Amino acid sequence: MLNKNFFAFVACGMVSSIGDLLYFFVFSWYIASATQSVQYMGTIMLVSGITQFAASIFCGAWVDVWGAKKIIAGSNVIRALLMIGLMLVSMTQAPSLYVLLLIAIAFAITDASFYPAVETIKPQLVSEDHLSRMNGVWYTLARILSLIAPSISALCMNLLGIQASFLCMAGCYTASALLLLFVRIQKTQTEPKAESGKWKHYKQSLTEGWIFIRNSRLMMTLLWLIFCVNIGANSNGLLLPFLMKSMNWDAQHMSYIYTWQAAAGIVCGSLLSVKSVKQPSFLYVLLGFLGQGVAILTVCFSSTLVFLCLNFAWLSVCTALVNIFIRTMMQKEVPNRYMARVGSLFAAISMTSTPLSRFFTGFLTDRLGVRQMYFWAGAFEVVVVVIFFMLYKQITVQPGVKSQTEVSG
């Protein structure tokens, strides 16, 4: 499991993750400070989410045609240039909404391309019996970086300013692209081959990706579950900066919460990194989502920083379980030759509920208040999980297997 390519690829992914963490922390705080409106941020997230959805549909085919390494390198280089552009934009006194939307759209496209490329390479680094352990290691390291990133973000904003923060992000993406030069991965044969032109290959790739998902009972169930859960779960990232402001707290307080989240994720991920779970159960995923919904719901009852930190730490543990087990289940279900097209299409469809959810979250929060919105978002997720619990026996009575999910007309 632990080899040169593994360490090189992990380093590449983690450095890029630092850039992402800085981006989402600084950019969200920047918008909240400049506009004082959840609806304004919700609009940007709506357009960005729709763009990411549209791009994700084709990203798997892009990976098949151009190769995972080229897509990752290109994504990092483009994001570095975008952060330099964002640095220039932040120097203005009144940043234009349209300019920020263009940057967010471009970032969404490159980010959507990055995910299927990474997921295509990851299963090639370890044996199938160690997939959950690899995902645990990956998640743990990501949480360790999350533990550091908020403090770095707050430090950059407080001491160096917004411009320096965006410049740091550009440096992270550039370094990630350079680290990729040290990764050696054997090319995986994909189907269909691009013999009749790249555009036809894109179309065939989309068709086969959907057929694979449709033929797999497990994949379809996970798809519907994530689609519904995202309606409530994704409100947290949108609401947190405004929750801090409603309590008259600053960015440093938000960094404490992110730190507790990261620490809890590290503990959970570390435990799953020690011993591989060879056959993660769908029931584990449901329990993780249930805990996630309860954690979001109880935010509305919090009044102290300690309570909030503990609450979000529990949310992080549940999120870790969900992330690791879903990835492992997909890696076991989907053959490597279908990973890019299936993974990108699965992500695109499952996230379709996110943009509109965030837009209406912003709309309703400006009218109901942040705490009330946390309550209803968490309650919705709990109801969704309860419904899937009631259908659990029907869902698992005929679990999908690889032999039943091969692509066929």
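Residues are numbered from 1 along each chain as its sequence is written, and side-chain values use heavy atoms, with hydrogens and water left out. Because the model is predicted, local features need pLDDT of at least 70 and side-chain atom pairs count only at pLDDT 80 or more, while totals for chains, interfaces and linings use all residues.

The chain contains 17 helices and zero strands. Both kinds of element are DSSP runs numbered from the N terminus: helices are H or I with at least four residues, strands are E with at least two. Of the 409 residues in the chain, 54% are buried. Buried means under 20% relative accessible area, exposed means over 50%, and partly exposed lies in between (1.4 Å probe, protein chains only). The chain exposes about 17,500 Å². Carbon and sulfur atoms supply 67% of that area. Accessible areas come from the Shrake-Rupley method with a 1.4 Å probe; for residues, only the protein chains shown count as cover. Among contacts (heavy atoms within 4.5 Å) between residues at least 6 apart in sequence, 89% join residues at least 24 apart.

The largest nonpolar core has 84 residues. A nonpolar core is a set of buried Ala, Val, Leu, Ile, Met, Phe, Trp, Tyr and Cys residues joined through side-chain atoms within 4.5 Å. The residues with the most contacts inside this core are Tyr-23, Met-83, Leu-225, Leu-243, Phe-289, Leu-308 and Tyr-374. Helix α12 (residues 305-333) gives the most to this core, with eleven residues.

The structure holds five aromatic pairs. Rings of Phe, Tyr and Trp (its six-membered ring) pair if their centres lie within 6.5 Å; planes under 30 degrees apart count as stacked, over 60 as edge-to-face and the rest as tilted. One of the pairs is formed by Tyr-23 and Phe-107. Their rings are stacked, at 3.9 Å centre to centre and with 10° between the planes. The pair links distant parts of the chain: Tyr-23 belongs to helix α1 (residues 4-35), Phe-107 to helix α4 (residues 97-121), and 84 residues separate the two. Both Tyr-23 and Phe-107 are buried. Together with Tyr-173, they form one aromatic cluster. Beyond its neighbours within four places in sequence, Tyr-23 contacts Ser-28, Met-83, Leu-86, Ala-104, Phe-107, Met-169 and Tyr-173.

Arg-79 lies over the face of Phe-107, at 5.8 Å from the ring centre. The charged end of Arg-79 also sits over the ring of Phe-114, 4.6 Å from its centre. A charge sits over a ring if NZ of Lys or CZ of Arg is within 6 Å of the ring centre and within 35 degrees of the ring normal. Phe-114 is also touched by Ser-75, a residue of helix α3 (residues 68-90). Ser-75 counts as buried because its relative accessibility is 3%.

Helix α8 (residues 217-233) has 17 residues. The helix reaches 24 Å from its first C-alpha to its last, close to the 24 Å expected at 1.5 Å a residue. The expected span is 1.5 Å times one less than the number of residues. Buried residues of α8 include Leu-218, Leu-222, Leu-225, Ile-226 and Val-229. Helix α13 (residues 339-350) has twelve residues and reaches 16 Å, close to the 16 Å expected. Eleven of its twelve residues are buried, so α13 is largely enclosed by the rest of the structure. Among them are Arg-341, Phe-346 and Ser-350.

Glu-333 is placed in helix α12. At 5% relative accessibility, Glu-333 is buried. Its C-alpha atom is separated by 10.0 Å from that of Ile-213, 120 residues apart along the chain. Met-373, in helix α15 (residues 370-390), is buried with a relative accessible area of 9%. Leaving aside neighbours within four places in sequence, Met-373 contacts Leu-239, Thr-361, Leu-364 and Thr-365. The C-alpha atoms of Met-373 and Gly-362, eleven residues apart along the chain, are separated by 9.2 Å. Asn-248 lies in the loop between α9 (235-246) and α10 (251-274). Asn-248 counts as exposed, at 72% relative accessibility. Phi of Asn-248 is near 60°, a positive value in a residue other than glycine.
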